[in-house]
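Thanks for sending this one over. Here are my notes as numbered points, to read with the structure open beside you.

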Amino acid sequence: MSNVSLARLMSIASFAALVALGASNAPDARAQATPAAKANRVVMQVSDNDPGKWNLALNNAKNLQADLGAANVEIEIVAYGPGIGMLKAESVVGNRIGEALGHGVKVSACENTVHGQKLVKADMLDGIGYVPAGVVEIMQKQQQGWAYLRP
């Protein structure tokens, strides 16, 4: 990840945090905030059946964890459409996805796409998660203040 991309991501995350803090000045509203929530949250979209795009997304996740500390960043990669192809059991990036899962990166498959391609969970990599609709998952994460990346 280039320094410019990381700087931009950090600027976006900082701005989102400032907006969230400024949304309410009432002390009781701030007291209700979840102390365990991670300040750095990133959702990534992968909708291409391209090992290069997947490797880029996985590199981004690894770099975020290295730069911010794995305990300080929450990362979800959401796959839908053709991107589901790289989540199949025979995926050429399956080992890297397994490593990312082992390091706390959440990888989610769109159930609409899984069903549309007539796949079942036995066809997919072990350890991945599922969301009803990938685009809705991404939209809701953004509404919750998550930074959005599309490698």
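1. Lys-141 and Glu-137 join their side chains in a salt bridge, with 3.7 Å from N to O. Keep in mind that this is a predicted model. The two residues sit four apart in helix H6, so about one helical turn separates them. Are they buried or exposed? Both Lys-141 and Glu-137 are buried.

2. Helix H6 covers residues 134-143 and also holds Val-136. Together with Val-135 and Met-139, Val-136 makes up a nonpolar surface patch of about 230 Å² accessible area. Val-136 itself is partly exposed, at a relative accessible area of 34%.

3. In total, the structure has four salt bridges. Do look at the network that links Asp-48, Lys-53 and Arg-150. Asp-48 meets Lys-53 at 4.0 Å, N to O, and Arg-150 pairs with Asp-48 through N and O atoms that are 3.7 Å apart at their closest. This second pair ties together distant parts of the chain: Arg-150 lies in the segment after E5, while Asp-48 lies in the loop between E1 and H3, 102 residues away.

4. How accessible are the members of this network? Asp-48 is partly exposed, with a relative accessible area of 23%. Lys-53 is partly exposed as well, at 30%, and Arg-150 falls into that class at 45%.

5. Now for the sheet. Five strands make an open, parallel sheet, ordered E4-E3-E2-E1-E5. Strands E4 (129-131) and E5 (147-149) are the edges; each has a single partner strand, so one side of each lacks a neighbour in the sheet. On average, neighbouring strands are turned by 30° against each other, direction ignored.

6. Which strands does helix H3 lie across? Helix H3 (residues 51-68) lies across E1 (40-46), E2 (73-79), E3 and E5, and runs at about 170° to E2.

7. One backbone detail deserves a look. Most residues other than glycine have a negative phi. Lys-118 is not a glycine, yet its phi is positive, at about 55°. Lys-118 belongs to the loop between helix H5 (111-116) and E4, and it is exposed, with a relative accessible area of 73%.

Conventions
Residues are numbered from 1 along each chain as its sequence is written. This is a predicted model: local features need pLDDT of at least 70, side-chain atom pairs count only at pLDDT 80 or more; totals for chains, interfaces and linings use all residues. Side-chain values use heavy atoms; hydrogens and water are left out. Two strands pair if DSSP finds at least two bridges between them. Axes are lines fitted to C-alpha atoms, for helices over the stretch in contact, and angles run from 0 to 180 degrees between N-to-C directions. Contact means heavy atoms within 4.5 Å. Buried means under 20% relative accessible area, exposed over 50%, partly exposed in between (1.4 Å probe, protein chains only). Patches are made of residues with over 30% relative accessible area and no salt bridge: like charges are joined within 9 Å, nonpolar side chains (Val, Leu, Ile, Met, Phe, Trp, Tyr) within 5 Å. Accessible areas come from the Shrake-Rupley method with a 1.4 Å probe; for residues, only the protein chains shown count as cover.
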